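This report considers a single structure, taking up its packing, its strand pairing and its salt bridges in turn. Please keep the sequence and the model in view while reading.

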Amino acid sequence: MANRILIVDDAAFMRMMIKDILTKNGYEVVGEASDGAQAVELYKEHRPDLVTMDITMPEMDGITALKEIRGMNPEAKVIMCSAMGQQAMVIDAIQAGAKDFIVKPFQADRVIEAIKKTLEA
């Protein structure tokens, strides 16, 4: 069975890019959210195997959403995505329970590598 993934990014274009990379590599995209609050709801509904989460979003940012998801399921596997390679944000995300971090613009092989590594962990 294909691994089920939830994509979270406020930019529709970025969600489309990630979805394209994932589906071409045999993953099933179970949902897309444009902010953290939506991500938490979709996580409850679908219980995906993995979440790709943007950090900077309106409504609820990715780190807050990550904490809420990990509060529901401490085993949740979340990979953070951001255009900003800011050390403080990376550290916050990892401390909040993120399993990995990918930087925009995405390189397909890096995205797949991060996902495979996280799902196998």
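## A salt bridge between a strand and a helix

At 30% relative accessibility, Glu32 counts as partly exposed, a class that lies between buried (under 20% relative accessible area) and exposed (over 50%), with a 1.4 Å probe and protein chains only. Glu32 forms a salt bridge with Arg15, their closest N and O atoms being 3.2 Å apart, where a salt bridge is a side-chain nitrogen of Lys or Arg within 4 Å of a carboxyl oxygen of Asp or Glu. Because Glu32 belongs to strand β2 (residues 28–33) and Arg15 to helix α1, the pair ties together parts that are 17 residues apart in sequence. Arg15, with a relative accessible area of 13%, is buried.

The model is a predicted one, in which local features need pLDDT of at least 70 and side-chain atom pairs count only at pLDDT 80 or more, whereas totals for chains, interfaces and linings use all residues. Residues are numbered from 1 along each chain as its sequence is written, and side-chain values use heavy atoms, with hydrogens and water left out. Helices (H or I, at least four residues) and strands (E, at least two) are DSSP runs, numbered from the N terminus.

## Other salt bridges

The structure holds 9 salt bridges. One of them joins Asp9 to Lys104, with the closest N and O atoms 2.9 Å apart; since Asp9 lies in the loop between β1 (4–8) and α1 (12–24), and Lys104 in the loop between β5 and α5 (108–120), this pair ties together parts that are 95 residues apart in sequence. Asp9 counts as buried at 0% relative accessibility, and Lys104 counts as buried at 14%.

Within helix α2, Lys44 and Glu41 meet through their side chains in a salt bridge of 3.3 Å, N to O; being 3 residues apart in that helix, Lys44 and Glu41 are separated by about one helical turn. Lys44 is partly exposed, with a relative accessible area of 45%, and Glu41 counts as partly exposed at 46%. A network of salt bridges links Asp100, Arg110, Glu113 and Lys117.

## Helix α3 and its buried side

In helix α3 (residues 62–72), the buried residues are Gly62, Ile63, Ala65, Leu66 and Ile69. They cover an arc of only 155° around the axis, as given by the directions from the helix axis to the C-beta atoms, which puts them on the same side of α3. These buried residues pack against α2 (36–46), β3 (50–54), β4 (78–82) and α4 (87–95), contact meaning heavy atoms within 4.5 Å. The face turned away from the buried side carries the exposed residues Lys67 and Gly71.

Strand β4 is largely enclosed by the rest of the structure, because 5 of its 5 residues are buried. Val78, Met80 and Ser82 point one way from β4, while Ile79 and Cys81 point the other way.

β3 and β4 run parallel and are joined by 4 bridges, strands being paired if DSSP finds at least two bridges between them; the partner of Met53 in β4 is Met80. The chain crosses from β3 through α3 to β4 in a right-handed β-α-β crossover, which is to say that, with the strands pointing away from the viewer, the path from the first strand over the helix to the second runs clockwise. Another 4 bridges join β4 to strand β5 (residues 100–103), and these strands also run parallel; in β5, the bridge partner of Ile79 is Asp100.
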